[in-house]
Amino acid sequence: MPQRLVMWLVASRPLELQLTLCTDDLSQHHDLGSATTRLAVGRHAHLHLIDLPLDDALPRDVRIAYDLAYRANAEGSVNAEGGVNAEGGVSTEGKGTAWRSMRDWGEALCYDGEPLPTLVLRSRYDNLLHGSCRKPHHASADGLVRADRWLSERHADSAARPAALLMTGDQIYADDVAGPMLAAIHALIARLGLYDECLEGTEIASGSELYARDETYYHRDDLLPAIRSTEALREKFFGGVRKPIFTTASAENHLITFAELLAMYLLVWSPTPWRLIEVEVPQLAAEEQDRYRAEQRHIDAFVAGLPGVARLFAHLPTLMIFDDHDVTDDWNLSAAWEATVYEHPFSRRIVGNALIAYLLCQGWGNDPDGLAEPLAASREWLDSAGHDGRLDCETHNRLVTRLLRFTGWGYTLDSTPRLVVLDTRTRRWRSERRRHHPSGLMDWEALSEFQQELLEEPSVIIVSPAPIFGVKLIEGIQRVFTWFGKPLLVDAENWMAHPGAAHTMLNILRHSRTPQRYVILSGDVHYSFVYAITIRQHRNSPRMWQITSSGLKNTFPDTLLDWFDRLNRWLYAPWSPLNWLTKRRRMAVDPYYPERASKGERLWNRAGIGQVLLDDQGAPREVTQLGADDCDTRFHEEHR
């Protein structure tokens, strides 16, 4: 916002910081001492949460160059990519200190010909980049790297700059980690001295003991107290639920400790940590060695693109919200899932650690005021680290309990149009009588608060990690599996899966005092599509657009999605009586068509990032998927 700047920085030591802001007409210099919250997360790792209020609003719609300088000394130095090296080697002046400008340490964060990075504070949120689901070892290219290339061609034109980059879920895959990534995580934990923690409810007593055991690679679904059968283990500790924490397909390297999660964030957002470590290949069985080598190729390609990702983040205002893979697959799927997971100390700790990491690495920057209380509790916990680098166990458990009860993860930005970001994970509408059935994505109280944010607004942008208007066939399949008591087999998480949540959300969207234009940005599903929605036989129907972009670095199985797309067109054509069996029967849903699509395809299955341009009324005038492979696709109302 023009009177407040929020920045996130990680360094190897606590830094004194200064910020200079420059345009053609102004130059402001700010000492960031009182504006910076410093959190030690290890011997050589310190988070710097910078929250700078400004007396005078910054100008809108112009490029503002910024220089984040730090006071250097013999203890550490900032390298060219914006991280901080743990060793010395800084040239100093005077009494051993000198201010180091981004011209010295941040050259790689600048576009060609620019001495400093720049930002643009747009007066309207009418140009947005958005995407979700970025899995480092997926075979595709990276949508964030594509966004950097795209921005590099137009960064000098303030009118072409997006108002924001919206990350709509699954920024990391804590539950689906490649072997080489886990090895890098452990190397970075050792390099930075990230704090250790106790572990409860398992035979492994601490994080350091966990990292030392090579047999935990590709076998973390066997980490709970030793029981011969994995099924017997799940029955004993997880009530027989098939996927309570460690999913059947991809959780062999599920992240467990706070240090592992924090290291993952650093490794997926910056090239700097990779230059600080030497990764040793763990001792593996022969078949696991083959898998490790195959994953290594994808990780190497991912790391090669990280300089562009860091540069993109340095130039665009960025907002985020979690989805399940930021914590674990199927997170809070049902009342039975929650009871099973939170009653066991080990699985409870895994979820709690992921929430702490989300708070410090994603959530805080969205809403510093709303998250001030959990941040203070996290600081108390981090301050409990002893001389041995071990965090206090009881303080840790209290913090986890507090975060599991916290209800302020969603947020609203008073932009034009207003931006409302939904927490669809922690305030679920639970089915108490059928506890194994999927919970609603938001409960009645959360939905009532959401409605209050919409009243009297002419238009609004909603971020819902899961699409509000999804593919009817896929939702129908999920409903069938739920009816047979197997929602976990198909990840039956959609807005229509719970009657109470579905009807309440649809009633909100139809309310006479809520907006006439809704743009709903979503991800989650690993394919992209656009729907235009109106209310049947309603003279003054609001206009709604469901715009889904997924994934940044993930895709749906091609053949399966092709069949889903075809069957959905046949079974749910406008004349089909099956439409009357859906909760959206009063809604007319008209698909947009991706250009170059064949055979009437409506679902687009390419990794990339979405761009949405809005008109003055808040309606989309252009929707594009910027392909990670440089093949861009526009969506049109009519098939071409």
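**Entry 1: Arg122 and Asp61**

I looked up Arg122 and found its side chain meeting that of Asp61 in a salt bridge, at 3.5 Å from N to O. Arg122 sits in the loop between β10 (118–120) and β11 (127–131), and Asp61 sits in the loop between β5 (45–53) and β6 (63–72), so the pair ties together parts that are 61 residues apart in sequence. I note that this is a predicted model.

Next I checked accessibility. Arg122 has 13% relative accessibility and counts as buried, because buried means under 20%. Asp61 has a relative accessible area of 31%, so I wrote it down as partly exposed.

**Entry 2: Lys135 and Asp176**

Which residue does the side chain of Lys135 meet in a salt bridge? I found Asp176, with 3.1 Å from N to O. Lys135 is in the loop between β11 and α2 (143–152), while Asp176 is in the loop between β12 (164–167) and α3 (179–192), so this pair ties together parts 41 residues apart in sequence.

Is Asp176 buried or exposed? I have Asp176 down as buried, at a relative accessible area of 11%. Lys135 also counts as buried, at 14% relative accessibility.

**Entry 3: Arg430 and Glu338**

I then turned to Arg430, which forms a salt bridge with Glu338; their closest N and O atoms are 3.0 Å apart. Here a loop is joined to a helix: Arg430 lies in the loop between β15 (418–421) and α14 (444–454), and Glu338 lies in helix α10 (residues 335–342), so the parts tied together are 92 residues apart in sequence.

For Arg430 I noted 32% relative accessibility, which counts as partly exposed. Glu338, at 10%, counts as buried.

**Entry 4: a network, and the total**

Which residues are linked with Arg146 in a network of salt bridges? I listed Arg149, Asp630 and Asp632. I also searched the whole structure for salt bridges and got 35.

**Entry 5: helix α9**

Last, I looked at helix α9, which covers residues 306–315. How many of its 10 residues are buried? I got eight, so the helix is largely enclosed by the rest of the structure.

I wrote out the buried residues by name. They are Leu306, Gly308, Val309, Ala310, Arg311, Leu312, Ala314 and His315. I noticed that Arg311 and His315 are on this list, along with Leu306 and Leu312.

Technical notes:
Residues numbered from 1 in each chain as written. Predicted model: local features only at pLDDT ≥ 70, side-chain atom pairs only at ≥ 80, totals over all residues. Heavy atoms only, no water. Buried < 20%, exposed > 50% of the residue type's maximum accessible area, 1.4 Å probe, protein only. Helix = DSSP H or I, 4+ residues; strand = E, 2+ residues; numbered from the N terminus. Salt bridge = Lys/Arg side-chain N within 4 Å of Asp/Glu carboxyl O.
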